[in-house]
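Work through the exercises below with the sequence and the model open. Try each task before reading its solution.

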Amino acid sequence: MQGQTQSISFDGREIRLTTGRYAPQAGGSVMVECGDTAVLVTATRSKGREGIDFLPLICDYEERLYAAGRIPGSFFRREARPPERAILTCRLIDRPMRPLFPSWLRDDLQIVATCMSLDERVPPDVLAVTGASMAALLARMPFYGPMAAVRVGLLGDDFVLNPSFREIERSDLDLVLAGTPAGVVMVEAGANQLPEQDVIEAIDFGYEAVGELIKAQLNLLKELGIEQVIPEEKVDDPTVPSFLEKECASAIGAVLQQFSQTKPERDEKLDAIKAEVSAKVAALKEDDAIKVAVSSNSKVLSNSYKSLTKKLMRQQILSEGKRVDGRGLDEVRPISAAVGVLPKRVHGSGLFNRGLTQVLSTATLGTPSDAQEMDDLNPASEKTYLHHYNFPPYSVGETRPMRSPGRREIGHGALAERALLPVLPSKESFPYVLRVVSECLSSNGSTSMGSVCGSTLALMDAGVPLKAPVGGAAMGLIKEGDDVRILTDIQGIEDFLGDMDFKVAGTEKGITALQMDMKITGLEVKTVADAINQARPARLHILGKMLEAIDAPRDTLSPHAPRLLSFRIDPELIGTVIGPGGRTIKGITERTNTKIDIEDGGIVTIASHDGAAAEEAQRIIEGLTRRVSEGEVFQGTVTRVIPIGAFVEILPGKEGMIHISQLSESRVEKVEDVVNVGDQVTVRVREIDNRGRINLTLRGVPQQEPEAAATAAAAE
């Protein structure tokens with residue numbers, strides 16, 4: 001089956017959109033290819049269900065390990081639940097797509113992206129995002145697109161468009177940007193403490209490239225003779241909104257202007273007004289137009305009340321510059337921070353409060369064997385820094401079943417992880433595997449940035465030598481026509497009823513992570529830049545409050561944290577340390593009561609709660625791997641005696657043999673006549689045979705007095 005293909009080149013890399021060849025029964029399908037990476041994206045629409053008052057959009061990203069020529073490692077040898085990176089790609093597709101469907105749409109929509117071939121030079125996630133837009137257009141869904149996404153890297157002083165996996169590893173920036181003709185609709189980024197201006201220039205650079213992909217989609221639609229379905233603006237029946245405006249607008253406005261009240265107090269008053277107006281509607285005659293409208297749609301009253309509250313809150317911000325808690329547009333809520341709030345059985349803990357948002361983070365130090373093995377399409381095979389985020393129902397005063405982490409929890413944990421990665425110490429200087437868990441104890445907006453702040457405190461309390469502390473704040477937006485207001489440190493109601501949630505994390509030096517989600521169809525790059533710049537003073541203010549709690553990482557680790565020693569050996573000698581069937585390394589661990597990990601590159605990490613035991617294990621391994629030369633002289637201990645000679649440990653774990661003929665200048669009848677087990681002797685390496693065995697001699701080697709020998713042995 002032949003299809004239509006539209007191609008576009010970026011810096012010598014061609015992206016191809018092929019339609020009409022795959023998945024003919026899907027509403028719309030497109031194969032997006034770049035290099036040898038191929039992602040099939042489908043969009044399907046089915047009739048809406050009764051009683052739905054939201055957009056039931058499902059975005060899925062499916063990884064198939066055959067795409068990389070691999071067989072799954074699970075017991076069943078097939079893909080099971082999606083790995084974390086696949087879940088993050090689902091969110092990457094959902095976040096720019098959701099605001100581009102009209103608010104009135106209630107049909108079931110599903111977008112499925114399947115990575116069918118992987119080229120390690122081409123990450124598939126941004127291809128999937130662009131493919132989602134094309135598939136929705138082909139399915140003739142009402143859609144404010146086209147939309148496209150690109151990745152921007154920074155190598156040296158140059159921006160790179162859609163960098164490879166390896167280029168991303170070397171890059172100081174990993175930014176994914178999605179945009180429409182109306183502007184930027186989503187940003188996701190990790191950065192190596194980059195100045196705000198560099199990030200703004202990267203966003204501008206990426207948005208220009210997005211325009212080319214949007215043109216390619218429009219050209220493909222034109223070639224296929226498909227006309228884009230532009231969503232109609234549906235005007236709601238004004239009966240109920242007009243009634244509410246008359247009955248309770250002034251009461252709602254009065255509540256929103258009581259700046260000294262708490263969130264629970266405000267919510268209680270708004271609920272009371274809603275209950276009062278509901279009672280008024282219930283008391284109306286059955287044939288009253290208001291009663292008829294409410295009876296025909298059980299949710300119209302609730303939705304109209306929410307819309308009126310949203311309208312009044314936004315008007316107050318736009319006209320008076322005052323928010324519901326009385327703050328100015330660029331003002332941060334009251335902040336407090338504390339460390340060491342949990343016993344030291346927990347290696348590090350930090351408590352961060354911003355207004356009613358409270359996050360308790362803990363840091364745990366583990367050994368290299370605690371690293372998480374990754375079984376997905378990403379070339380990176382393990383993670384040594386894990387950040388987990390929990391959002392229990394009591395944090396918002398609700399009850400619901402406690403399940404496994406959802407996409408939101410996984411996404412917020414990944415954002416905090418990305419924010420802290422650039423400031424973690426190198427593996428060579430601090431070889432611990434780190435796990436941070438952020439428990440959201442109370443939520444009123446921006447718990448993800450609260451977890452960044454709390455986790456910085458916990459890591460510093462645990463003694464992790466961070467390069468710099470990281471803080472973050474969430475920025476919001478109110479936009480009515482050309483009238484725009486940017487809000488610093490948004491709370492729950494401003495997130496819920498506003499137009500943007502823009503999280504900015506970083507150090508005093510620069511930005512480490514960004515995540516921007518929109519509820520409108522696009523935002524000018526200039527407005528995005530204004531939000532980034534406005535976030536900086538807020539971040540510095542927050543960092544100042546955090547440093548009042550702990551101004552530097554602790555000098556010592558928790559007594560319950562493992563002690564690690566890390567050093568490098570010749571990779572060719574790894575087998576010597578492990579020994580036949582692992583007997584040598586097992587013997588060392590049993591002798592010293594330590595845990596030893598050896599990487600393929602020759603990095604040895606020894607873990608123990610006893611520093612002296614770890615040092616002893618290091619001495620043994622270094623002795624095993626030290627190359628001995630002929631003619632060297634050692635002070636050693638006789639470990640075994642056999643009829644033809646004696647074995648001497650010349651280095652920890654390394655033995656040589658003295659043949660009976662080498663015990664003395666004169667003839668020796670019996671080995672025990674010269675040496676016995678436990679004797680300290682000075683020996684010279686006579687030769688190393690072709691099997692690597694060390695042959696020693698006592699002939700012509702002056703022997704030390706017993707006291708001197710003991711001193712020399714202790715020094716070694």
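**Exercise 1. A pair in a sheet.** Which residue of E24 stands opposite Leu564?

Solution. Step 1: find the residue across from Leu564, which is Ala607 in E24. Helices (H or I, at least four residues) and strands (E, at least two) are DSSP runs, numbered from the N terminus. The model is predicted: local features need pLDDT of at least 70, side-chain atom pairs count only at pLDDT 80 or more, and totals for chains, interfaces and linings use all residues. Residues are numbered from 1 along each chain as its sequence is written, and side-chain values use heavy atoms, with hydrogens and water left out.

Step 1: look at the strands. E22 and E24 (residues 603–608) pair in the antiparallel sense, over six bridges. Two strands count as paired if DSSP finds at least two bridges between them.

Step 2: widen the view to the sheet. This is an open sheet of three strands in the order E22-E24-E23, with antiparallel pairing. Strand E22 (563–568) and strand E23 (595–598) are the edge strands, each pairing on one side only. Neighbouring strands of the sheet are turned by 15° against each other on average, direction ignored.

Step 3: Axes are lines fitted to C-alpha atoms, for helices over the stretch in contact, and angles run from 0 to 180 degrees between N-to-C directions.

**Exercise 2. Helix H2 and what follows.** Why can H2 be called largely enclosed by the rest of the structure?

Solution. Step 1: count buried residues. In H2, 14 of the 14 residues are buried, so the helix is largely enclosed by the rest of the structure.

Step 1: check its length. The expected span of a helix is 1.5 Å times one less than its number of residues. For the 14 residues of H2 this gives 20 Å, and the end C-alpha atoms are 20 Å apart, which agrees.

Step 2: go on along the chain. H2 is followed by Arg140, whose phi is positive, near 60°. Most residues other than glycine have a negative phi, and most peptide bonds are trans. Arg140 lies in the loop between H2 and E7 and is partly exposed, with a relative accessible area of 45%.

Step 3: find the cis bond. Gly145 and Pro146 are joined by a cis peptide bond, with omega about -5°. Pro146 is in the loop between helix H2 (125–138) and strand E7 (148–155).

Step 4: finish with the hairpin. E7 and strand E8 (residues 158–161) run antiparallel and are joined by four bridges. Leu154 stands opposite Phe159 in E8. The hairpin has two residues between the strands, and Gly156 in it takes a positive phi near 70°.

**Exercise 3. Aromatic pairs.** How many aromatic pairs does a search of the whole structure find?

Solution. Step 1: state the rule. Rings of Phe, Tyr and Trp (its six-membered ring) pair if their centres lie within 6.5 Å; planes under 30 degrees apart count as stacked, over 60 as edge-to-face and the rest as tilted.

Step 1: give the count. The search finds four aromatic pairs.

Step 2: classify one of them. Phe430 and Tyr432 form a tilted pair, at 4.7 Å centre to centre and with 45° between the planes.

Step 3: check burial. Phe430 counts as buried at 10% relative accessibility, and Tyr432 is buried with a relative accessible area of 10%.

How values were computed: Buried < 20%, exposed > 50% of the residue type's maximum accessible area, 1.4 Å probe, protein only.
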